[in-house]
Amino acid sequence: MSARLRELIRAVRQAKTAAEERTVIAKESAALRNAFKDQDVTYRHRNVSKLMYIHMLGYPTHFGQMETLKLIASNGFPEKRIGYLGLMILLDERQEVLMLVTNSLKNDLNTRNQYIVGLALCALGNICSNEMARDLAPEVEKLLGSNNSYVRKKAALCATRVLRKVPEAIETFADKAAGLLSDRHHGVLLSGTTLMLEICEIEPNTVEQYRRHVPMLCKILRSLLMSGFAPEHDVGGITDPFLQVKVLRLLRVLGKGHADASDQMSDILAQVATNTEGARNAGNAILYECVQTIMGVESVGGLRTLAINILGRFLANRDNNIRYVALNTLAKVVGVDTQAVQRHRTTVVECVKDADVSIRRRALELVYALVNEGNIKTLTKELLDYLKVSDVEFKPDLTGKICMLVQRFAPDKQWHLDSLLQVMQQAGAYVKEEVCRALIVLISNAPDLHAYTARSMYRALKSSIDQADLSLSLITCTCWFLGEYGELLLGKADAPLQSGEEALSVSSQELVQVLQTVLSRPTIKPVGREYALTALMKLSTRLPDHSHYIQGIVEQYQGSAILEVQARSCEYSHMFKLDGMRGALLEHIPPLDESTYTRNLGNSQVLDAAAAAQVVANGDIAGAPATAGNLADLLSLDAEDAAGAPATAASAVTALQDLLSGDLSAEVAAAGGRPAVEDLLGALGQSPGQIASSSPSNLADLLGTSQPTTSTSSAGAFADLLSQAVPTSSPQFEPITAYEKDGIRVVFRLSKPAGQDAVTDIEALYSNTSGQPITDFSLQAAVPKFMQLRLEPASSSILAPNSTDGVTQKLHIKNNMHGQKPLVMRLRVGYTSAGANKVEQAEVKNFPAGL
């Protein structure tokens, strides 16, 4: 006879090594095999118990699986209890031996003993396979109507598993599940609401059917809220918080997108929000679910404000989990009611300084969403103060957010410069090159700030020159501005100053020495030295008294080990011999066109994979997020191949390159069929086309502003800043048919404003020659990056049957390479006909020449 379970556990615990434990288990497994072989009925339940313990230790127990089936087939409750427990632990739905227990389960489901029925339902709800669920679903449905509340509760929970395996059985369970709401037993109510939630998730069409039960759910929630102390349901002074949370969750599902159902539950939601104590976790769980429900249904503004105030109280909680939940929820609802969230701005900013890094990151994302033109100065000051003391691993995110906020909401150019200069001094190593480029473009278009910029940059570099970790961004920006406007520093102690600025007098020798120090610092990166050499070269024409001294500095680097520095030194040294041309070669760079720069770098930013892009069509937000494949389809403008086969992901990327650059790039061809959105929308520094939908703003605006690629070669770092559009004239054009399929026709009437040859105005006329009405009609378009596209809202989203030119929409296109590249466009037409959603695409290739 083998040892008892207690003795086995003691022996395993006393084992000092893994080898001793394996010896104990091997010995006991051999004893169990002998017992099973001898058909030991007396101690079978004890042997199966030990088998489960051995299984939980990770040792093989397949040799005893059939013993669990024998226990289940026995008549006694103790044996069945161990048998069903062993069934759930030792087996899973993938094992074929499980089919042998189906008949025993069916017999136990029909027995009069409620506890045996409960065991069978529990086992079925844990490990049933598709076949078992289909065979035993009628028994489970029958038990939902049992007179015993214990059985009804177990049956409802088992039904959730059955429906997951057999979704087609939902119709038979839908009414039975709703009928459980009239039960007075809390366990039945909890399992009933769980079953209804599962049904709504599997079959969304049942939501409309269940909306008539909203008053009953509100009544249940009100009774829980107003009931007195009930020991059997009390958790931390709250009556059955588990049931309250489930009811609130079900109300959120039923009220989403339905105004009437939302109105019916608004009163009880307000009562839950105001009468629930948040001193303990049970109350906080209910309040959080209440907030989720309020923000998820069509609630009134006052109720949403109440929900956001609850989240504000969560932010003041000491529990980091509650604070993180509050930040996460506020980040989701800030777009719904920004003004209400703004009231808690101070608390959110304090969370940015929290010791928990996860809270800091969520708070930073929320701050970024809260910033606007009215509070940019206050919030930026708070973030800059924290940037000084923030952790090193947190500085990259914080620096990037501050730079984006400053670029987006700066009230004036001087404040923009001062703020970015502070960031460069405190965390310049994390400032991206595109931020420096944008600052240069900004200042070059502000002549009144040239002297102020030179003074500010000189002060910043002078104060930081002795630091071991002198940032590259500060060096490159300062060298660029000193090279362009350095002469404005000289002898200007009495020059006009900006408000609050201290006077500064710099000699030409000091100016040259600062740049010489940058060149001589061994820790400076090669790019910084390249900028310093260029700045000295420019100053050689503006400081003629120091020209020979600067020439000597430049010639020192003709033997530099850094190839780019050596090349610049040699080229610049040769320029000193060209006295007649050097002045013209080193003139001031003309002001850079901000709009051209922005267009060349691209003005669309891909959202994080976590975030889902929404397409605006005819002024309404479409619920389906745009996928990478859809964007590739819309942007690809596929070239027809000889075989006429549909375009693959690889051909879509290749055709997109053809559209955007006019020639096939080997770099893109090597990329293969990467369908990633970042490849299509410019994560590599290219802006693929301006995608527009039927909203006054194009899709590119919806997706944000893309980050331009950081150039690895500083010699051409700003070459793309100087590109300009070359407009030419063009004639008038005849209407063209852009799309015609399934009775829908899109005709473009083309015209040009007077004196604007690069601009084309298109009036789109939509016709429906079919006998079916067309609803939810929308048109989206994509053009190459050298064009700008703006769509006005359509006159209607409904095309009446047998109508001609009944709906109109205006498109405005500016071709910045007019006369060099023709107009090309890809359309996506979406509509609903006869209850079916359809999406079609078309390439508009028949534009007249000259566009």
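Colleague: Where does Leu563 lie, and why is Leu563 called exposed?
Modeller: Leu563 lies in helix H31, residues 563-575. Helices (H or I, at least four residues) and strands (E, at least two) are DSSP runs, numbered from the N terminus. The relative accessible area of Leu563 is 66%. Exposed means over 50%, buried under 20%, partly exposed in between (1.4 Å probe, protein chains only). So Leu563 counts as exposed.

Colleague: What does the model rest on?
Modeller: This is a predicted model, in which local features need pLDDT of at least 70 and side-chain atom pairs count only at pLDDT 80 or more, while totals for chains, interfaces and linings use all residues. Residues are numbered from 1 along each chain as its sequence is written, and side-chain values use heavy atoms, leaving out hydrogens and water.

Colleague: How far apart are Leu563 and Pro526 in sequence and in space?
Modeller: They are 37 residues apart in sequence. In space the C-alpha to C-alpha distance is 9.4 Å.

Colleague: Why is Arg222 called partly exposed?
Modeller: Arg222, in helix H13 (residues 214-226), has a relative accessible area of 33%.

Colleague: Which residues does Arg222 contact?
Modeller: Ile268 and Gln271, leaving aside neighbours within four places in sequence. Contact means heavy atoms within 4.5 Å. Asp267 is 45 residues from Arg222 in sequence, and their C-alpha atoms are 9.8 Å apart.

Colleague: What makes H3 oblique to H4?
Modeller: Helix H3 (residues 44-56) and helix H4 (residues 65-73) pack at about 135 degrees, with axes 10 Å apart. Axes are lines fitted to C-alpha atoms, for helices over the stretch in contact, and angles run from 0 to 180 degrees between N-to-C directions. Under 35 degrees counts as roughly parallel, over 145 as roughly antiparallel, 65 to 115 as roughly perpendicular, and the rest as oblique. The angle of H3 and H4 belongs to the rest, so H3 is oblique to H4.

Colleague: Which residues make the contact between H3 and H4?
Modeller: Arg44, His45 and Val48 come from H3. Glu67, Thr68, Lys70 and Leu71 come from H4.

Colleague: What makes strand S12 largely enclosed?
Modeller: S12 covers residues 825-833, and nine of the nine are buried, so the rest of the structure largely encloses this strand. Both faces are covered. Met825, Leu827, Val829, Tyr831 and Ser833 are buried on one side, and Arg826, Arg828, Gly830 and Thr832 on the other.

Colleague: How do you know that S12 pairs with S9 and S13?
Modeller: Two strands pair if DSSP finds at least two bridges between them. Seven bridges join S9 to S12, antiparallel. Leu779 stands opposite Val829 in S12. Nine bridges join S12 to strand S13 (residues 836-844), also antiparallel. There, Gly830 has Val839 as bridge partner.

Colleague: Why is Asp776 called exposed and Asp805 partly exposed?
Modeller: Asp776 lies in strand S9 (residues 774-784). With a relative accessible area of 52%, Asp776 passes the exposed cut-off. Asp805 lies in strand S11 (residues 803-815). At 31%, Asp805 falls in the partly exposed range. Phi of Asp805 is positive as well, near 55 degrees.

Colleague: What makes S6 and S10 edge strands?
Modeller: Five strands form an open, antiparallel sheet in the order S6-S7-S8-S11-S10. Strand S6 (736-741) and strand S10 (787-791) each pair on one side only. Five bridges join S6 to strand S7 (residues 744-751), with Thr737 opposite Val747.

Colleague: Which residues touch the most other members of the largest nonpolar core?
Modeller: A nonpolar core is a set of buried Ala, Val, Leu, Ile, Met, Phe, Trp, Tyr and Cys residues joined through side-chain atoms within 4.5 Å. The largest has 193 residues, and Leu87, Leu121, Leu124, Tyr210, Met265, Leu439 and Phe481 touch the most other members. Helix H27 (residues 472-485) gives the most to this core, with eight residues. A second, separate core has 34 residues, including Tyr766 and Val829.
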